Amino acid sequence: MDDVAELRAKHLAAIAAAADEAALEEVRLAAIGKKGEVALALRGLGAMSPEERQVAGPALNALRDEIASALAAAKAALSDAALSARLAAEWLDVSLPPRPAAQGTIHPISQVMDEMAAIFADLGFAVAEGPQVEDDWHNFDALNIVPEHPARQEHDTFYMARADGDNRPPHVLRTHTSPVQIRALQGQGVPIRVIAPGRVYRADYDQTHTPMFHQLEGLAIDRDVTMANLKWTLEEFCRAMFEVDGVELKFRASHFPFTEPSAEVDIRCSWKDGQLKIGEGDDWLEILGSGMVHPKVLAAAGVDPGQWQGFAFGLGVDRIAMLKYGIPDLRAFFDSDLRWLRHYGFAALDVPTLQGGISR
Ligand code: PHE
């Protein structure tokens, strides 16, 4: 019996002293593992006299159970302590102010799109949307651009691949926002007044062209909308957009398959010493195409051209951002250079409104 008391004292002390789970495992092996002291003592019961065994057997079994539960309790305490230590170490004060280094800004293109939406909302235009991967019917055919029309080449179209053996015409990355005219007319009918801002794609790359760029389509159809309404709308838009006196526009007769008559609009500007300035100088920058929606386009979208007419335009958003904020190279828009963004970007809460000042 003295042996049992000794074993008990020794192993319980070792459990109390164990500093981690590895030390506990050592104690377990030394006490109640297959070759542990308590296990060996239990095995020695066979050699005892029946009287001895009757006393020692229950005592050793009780000791084995006691050690096992002391081990379990010690293990739980250790892992609680480990969790508490980890929680204390990984504590994070979510009420700390953000570090300035992590602060982003609104990209000038997003800003300009928001400004345009605010101006056109004031003129009664709602926002419409369409897919960037477009079918060739919406991107071309419905807009009166027949397959052999040179415009299909002029647009430097990106074609999507079809599976082998699928001979249907490929989808395209939309080359302009004009297919949204068709979708909006089909979806909402007439009369209609919408703008459609978004990304468009053409295989082209230099100082004033990037393979992905942004347009803002405008469409107004009613019973008596005319070219005069178009001219007024665009002049009104430019005045609000550029926030400078004497913005000068030039309406130049042009041709688009989906408008008749058509006009391109240039804006007076200067490029001096790599600086682009609006409203002065002898240079002109083309900012949009426009015209009266072609009767065939109305018919393709299910609108009776004998009853309805109106105008459409497509603005180059990136170019307007360059002009407005004096950004000389279009490619900088897509460099993701944080220093550039901090220089030209806008605070997230500078939401453009006509009352509050369009860009401040
Ligand atoms: N879709 C034409 C382009 O991308 C612009 C345009 C839109 C012209 C609407 C006329 C009317 O060049």
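This tour moves through the structure stop by stop, naming what to select and what is found there.

The model is a predicted one, in which local features need pLDDT of at least 70, side-chain atom pairs count only at pLDDT 80 or more, and totals for chains, interfaces and linings use all residues. Residues are numbered from 1 along each chain as its sequence is written, and side-chain values use heavy atoms, with hydrogens and water left out.

**The ligand**

Next, display the polar contacts, that is, pairs of N or O atoms within 3.5 Å. The side chain of H176 places a polar atom 2.9 Å from a ligand nitrogen. For S178, a side-chain N or O atom is likewise 2.9 Å from a nitrogen atom of the ligand. R202 reaches an oxygen atom of the ligand, with a polar side-chain atom at 2.8 Å. The protein buries 92% of the 320 Å² that the ligand exposes when taken alone; these areas come from the Shrake-Rupley method with a 1.4 Å probe.

**The aromatic rings**

Select the Phe, Tyr and Trp rings, which pair if their centres lie within 6.5 Å; planes under 30 degrees apart count as stacked, over 60 as edge-to-face and the rest as tilted, and for Trp the six-membered ring is used. The whole structure contains 9 aromatic pairs. In one of them, Y325 and F346, the ring centres are 4.9 Å apart and the planes stand at 65°, so the pair is edge-to-face. Y325 belongs to helix 11 (residues 317-325) and F346 to the segment after helix 12 (338-344), so the pair ties together parts 21 residues apart in sequence. Helices (H or I, at least four residues) and strands (E, at least two) are DSSP runs, numbered from the N terminus. F346 has a relative accessible area of 10% and is buried, where buried means under 20%, exposed over 50% and partly exposed in between (1.4 Å probe, protein chains only).

Then select F333 and W340, whose ring centres are 5.7 Å apart with planes at 90°, so this pair too is edge-to-face. Both residues, F333 and W340, are buried. Ring pairs also link a cluster made of F120, F125, F237, F311 and F313.

**The hairpin of strands 6 and 7**

Move to strand 6 (residues 249-256) and strand 7 (residues 259-272), which run antiparallel and are joined by 7 bridges; strands pair if DSSP finds at least two bridges between them. The two strands form a hairpin with 2 residues between them. Select R252 to find E264 of strand 7 opposite. P261 also lies in strand 7, and the peptide bond joining E260 to P261 is cis, with omega about -5°.

**Backbone features in the loops**

A cis peptide bond also leads from V190 to P191, with omega near -5°. P191 sits in the loop between helix 8 (179-188) and strand 4 (192-201).

Select N144, in the loop between helix 6 (136-139) and helix 7 (151-154). N144 is not a glycine, yet its phi is positive, at about 70°. With 17% relative accessibility, N144 counts as buried. S336, in the loop between helix 11 and helix 12, also has a positive phi, near 55°. S336 is exposed, with a relative accessible area of 72%.

Methods:
Polar contact = N/O pair within 3.5 Å; in protein donor to acceptor, adjacent residues only side chain to side chain.
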